[in-house]
Amino acid sequence: MEQGQGYLERLLKWAAEIGISDSTCCGDSCLGHSLDVSYFPSAGGRGLGAARDLREGELLLKVPKSVLMTKESLLLKDEKLSLSVNDYAHHSLSPTQILAVCLLYEMGKGKISWWHPYLMNLPRSYDILATFGEFEKQALQVDDAIWAAEKATLKAEYEWKEANALMKQLKLKPQLLTFKAWLWASATISSRTLHIPWDAAGCLCPVGDLFNYSAPGEEPSRCESMEHTMHDLVNEDTSGMADVEQLVSDSRRLTDGWFEKDVDAYCFYAKKSYKKGEQVLLSYGTYTNLELLEHYGFLLNENPNDKVYIPLEPEIYSSCTWPKESLFIHQNGKPSFALLSTLRLWATPQNQRRSVGHLVYSGLQLSIQNEMFILRWISKKCTTILKNLSTSFEDDSLLLSAIDKIQNLDAPLELNNVSSTCGDEICAFKANVLQKGERSSMESKERWRLAVEWRLSYKKILVDCISYCDEIVSSLFHQNNSSQK
């Protein structure tokens, strides 16, 4: 812990010396005026906190272009690296592969690297999907998620093999030639690079990559505005459709930092106002929890951009013009606008669909009977998906608590409150890591925990959707009975 603190202090001292600044009034290099590095145990761990009250839209941090770690800046500082990378034999490598090789090459320099204070503060391991072992992949339970993890690993392995010739030409140290080292480098790039207009691989940004993530769409006013517009549209008339389209196409920033050419620096701005001591968060864009896990190695307990896709029959897809990616269940359990519209049309006799199409695409209910049918259909689909998974929502909630209590793999396991299936999973985990060292075992435990946490959030969306659909069906049933009296 003390060693880590020492690395951090050297990073911040180095950052101030080379012009990274969080103030517009203290010259070219100043840290500690607006931001402090703090630890937020329940919100991402180490991050940046407000050193004073901050206003929405205020410039928080400026990182000069000369400090950004890019393929270009790495090649300029090393002739041997430049000659090897520009060798025609390696032109088939992607910008991301080249940056990964350059990062490993720079790591191999040790203390003589200009970026050494920054490199020593990078995580020693990551939990992105490509790092999941077979046990952790299967713990995801859902086929789409397992396949995403398998694809991520296969892609990383393929890219490593492609880049092997260049790494050997650079005479990297044996430990930097391994697939484990490649996973570390590619995970560093996947989880920490920022967009720059001149390089598709992006850039590593010292200090700027200490911001933790906040999902776009968490602002209550924004969500409530959209919800109210949709409510008016569905329940009153079609005049709200223009408002919905305006909200969807709103030009509000999805990210809070970008490279500014006029100051030749990467600049970060406050997405909202912060009180002194609060964690200052950065939005990378809109991601589901599975996407966050794939690219960044974490997920959010409450992610407004999370969603679940339920399997639909081919005739359902063919009955509408909505794109498949718009047919999902929201994080709060409510079916998407497009999914409801599609099912309303599909549940209508084929010879009547043309006459009601304009009503469907306006978001209007066609009839109480039609609405009850599709909501029961959705509820049944969600129930079937949950039944086909090996553990229940309640099982996983208890399993997460049990995982958190595993501190010593040699100690007896507490299985009193978990189902037999989850007990078997805990025993399988222990058997899976017995051959690994303590560090690897704890890394495996964290990835297992993330897998269980992801499948729990997936199941919660389905459980909430069942409750929502059943509640609306009950309300419509009573409404229908009342109208017939």
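A crossing of two helices is termed right-handed if the near helix is turned clockwise from the far one by less than a right angle, and left-handed if the turn is anticlockwise. In the predicted model examined here, helix α4 passes helix α8 in a right-handed crossing. The axes of α4, which spans residues 95–108, and of α8, which spans residues 179–192, come within 9 Å and cross at roughly 115 degrees. On the α4 side the contact is made by T96, Q97, L99, A100, V101, L103, L104 and M107, which meet A181, W182, W184, A185, T188 and I189 of α8. By residue class, this contact of α4 with α8 comprises 11 nonpolar residues, three polar residues and no charged ones.

With regard to the chain as a whole, 18 helices and 11 strands are assigned, and 50% of the 485 residues count as buried. Among contacts in the chain with a separation of 6 or more, 68% are accounted for by residues 24 or more positions apart.

The largest nonpolar core has 125 residues, and I310 and W448 are the residues with the most contacts inside it. Helix α18, covering residues 438–484, gives the most to this core, contributing 14 residues. Another core, which lies apart from the largest one, consists of six residues, including A215, Y287, L292 and Y296. When residues up to four places away in sequence are not counted, W448 touches F135, E136, A139, L399, I403, I406, E425, I426 and F429.

Two further positions were examined individually. L299 is placed in the loop between α11 (289–295) and β10 (307–308), and because its relative accessibility of 11% falls under 20%, L299 counts as buried. Although L299 and N289 are 10 residues apart in sequence, their C-alpha atoms are 5.1 Å apart in space. Leaving aside neighbours within four places in sequence, the contacts of L299 comprise N289, L292 and L293, together with L450, E453 and W454.

N370, in turn, is located in helix α15, which runs over residues 368–387. Its relative accessibility is 9%, and N370 therefore counts as buried as well, the cut-off being under 20%. The side chain of N370 reaches the backbone oxygen of R344 at 3.2 Å, and R344 is likewise one of the residues that N370 touches, alongside A347 and T348, when residues up to four places away in sequence are not counted.

Note on methods:
Residues are numbered from 1 along each chain as its sequence is written. This is a predicted model: local features need pLDDT of at least 70, side-chain atom pairs count only at pLDDT 80 or more; totals for chains, interfaces and linings use all residues. Side-chain values use heavy atoms; hydrogens and water are left out. Axes are lines fitted to C-alpha atoms, for helices over the stretch in contact, and angles run from 0 to 180 degrees between N-to-C directions. Helices (H or I, at least four residues) and strands (E, at least two) are DSSP runs, numbered from the N terminus. Contact means heavy atoms within 4.5 Å. Ala, Val, Leu, Ile, Met, Phe, Trp, Tyr, Cys and Pro count as nonpolar, Asp, Glu, Lys and Arg as charged, and the others, Gly among them, as polar. Buried means under 20% relative accessible area, exposed over 50%, partly exposed in between (1.4 Å probe, protein chains only). A polar contact is a pair of N or O atoms within 3.5 Å; within protein, one must be able to donate a hydrogen and the other to accept it, and residues adjacent in sequence count only if both atoms are side-chain atoms. A nonpolar core is a set of buried Ala, Val, Leu, Ile, Met, Phe, Trp, Tyr and Cys residues joined through side-chain atoms within 4.5 Å.
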